[in-house]
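Grab a pencil and let's work through a few exercises on a protein chain. Have a look at it first.

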Amino acid sequence: MGYAAVAPTSDQAQAQTLAAEVASPDDADAAEGKVVFDQTCASCHGLDGSGTATGPDLREVGPASIDFYVSTGRMPSSDPSAQMPRREPVVSEEELADLIAYYNESIRSGEAGPEIPYEVPDEAPEPEDFEPQRSDFESDEEYEAAVEESAAEYEAALEEYEAEYEDYIQGASDTDMGMRLYLTNCAHCHGWSGGGGALTDGRWAPEIHDSTPREIYEAMVSGPGAMPMFSDGVISPEEKQELISYVKTLQAEPNAGGIFDLQRVGQVAEGFIGWTVGLSLIVACAIWITAKQRAHD
């Protein structure tokens, strides 16, 4: 989507992060979504979403693609011709819901493109999402009370999210299947640990350590960038559960790389680097010993 947006206001930035304020799609306002589209998308994709020389046609990409690109901050872009990395979203959750409502009502061609998988959990709440600002309170007592209340709200939100995730993932019990699906379909680009990797033509497969279950699902069904599309006919929803469950285990796995961290690029690459460095040191030591012996003679 074309870049025509300025930095969000403080109210918008707060709405982006507060999990308790995530807008429901049922409450979305398509009229407000048109405003968001005109400000942030139309300059590249056209007022009707049919595309321009700098932005592709959006009419058949589907709402899942819109949600993926905007929620991960990849769009709107200051350079539509370049691959965009993940970043903080420019629009708030409420504005995104409005934008998708407008897209479905006025831009989308019939029922083209994949739907947003609302049954798949999105982002887990973070403690800082609920932390009050000291400047908003007149006394320390009021601030401390607000801190305690926000901590309780965070715990409640986290429990709700974990319950939602467990409810979604409850059918995913075959870790080996999830691993096989990931290694077969994902690892050759995103790396065996999810750390990402280089592609052709200067492109790259992004790391997926911060991806939410919904973002992973949306990426599979919409095929962003150079990624192939894995529709439900190619990888079934049940298999997607298994794959997402396995990716979550990768995200939770600590990186024990130490000061020579190689970002878990893979056993073969890491072994090659280890052998190369080791043999180089052995050769260097042999040359040094030989040179020292000759000097002594």
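**Exercise 1. Work out how many helices and strands the chain has, and in what order they come.**

Start with the count: there are 11 helices and two strands (DSSP runs, H or I of at least four residues for helices, E of at least two for strands, numbered from the N terminus). Next, read from the N terminus on, and you get α-α-α-α-α-α-α-α-β-β-α-α-α.

A quick note on what you're looking at: this is a predicted model, where local features need pLDDT of at least 70 and side-chain atom pairs count only at pLDDT 80 or more, while totals for chains, interfaces and linings use all residues. Residues are numbered from 1 along each chain as its sequence is written, and side-chain values use heavy atoms, leaving out hydrogens and water.

**Exercise 2. Find which residues of helix α2 (residues 30-40) are buried, and where they lie on the helix.**

Finally, check their partners: the buried residues pack against α3 (42-45) and α5 (93-107), judged by contact, meaning heavy atoms within 4.5 Å.

**Exercise 3. Find what caps the N-terminal end of α2.**

Terms used. Buried means under 20% relative accessible area, exposed over 50%, partly exposed in between (1.4 Å probe, protein chains only). The arc is that of the directions from the helix axis to the C-beta atoms. A polar contact is a pair of N or O atoms within 3.5 Å; within protein, one must be able to donate a hydrogen and the other to accept it, and residues adjacent in sequence count only if both atoms are side-chain atoms.
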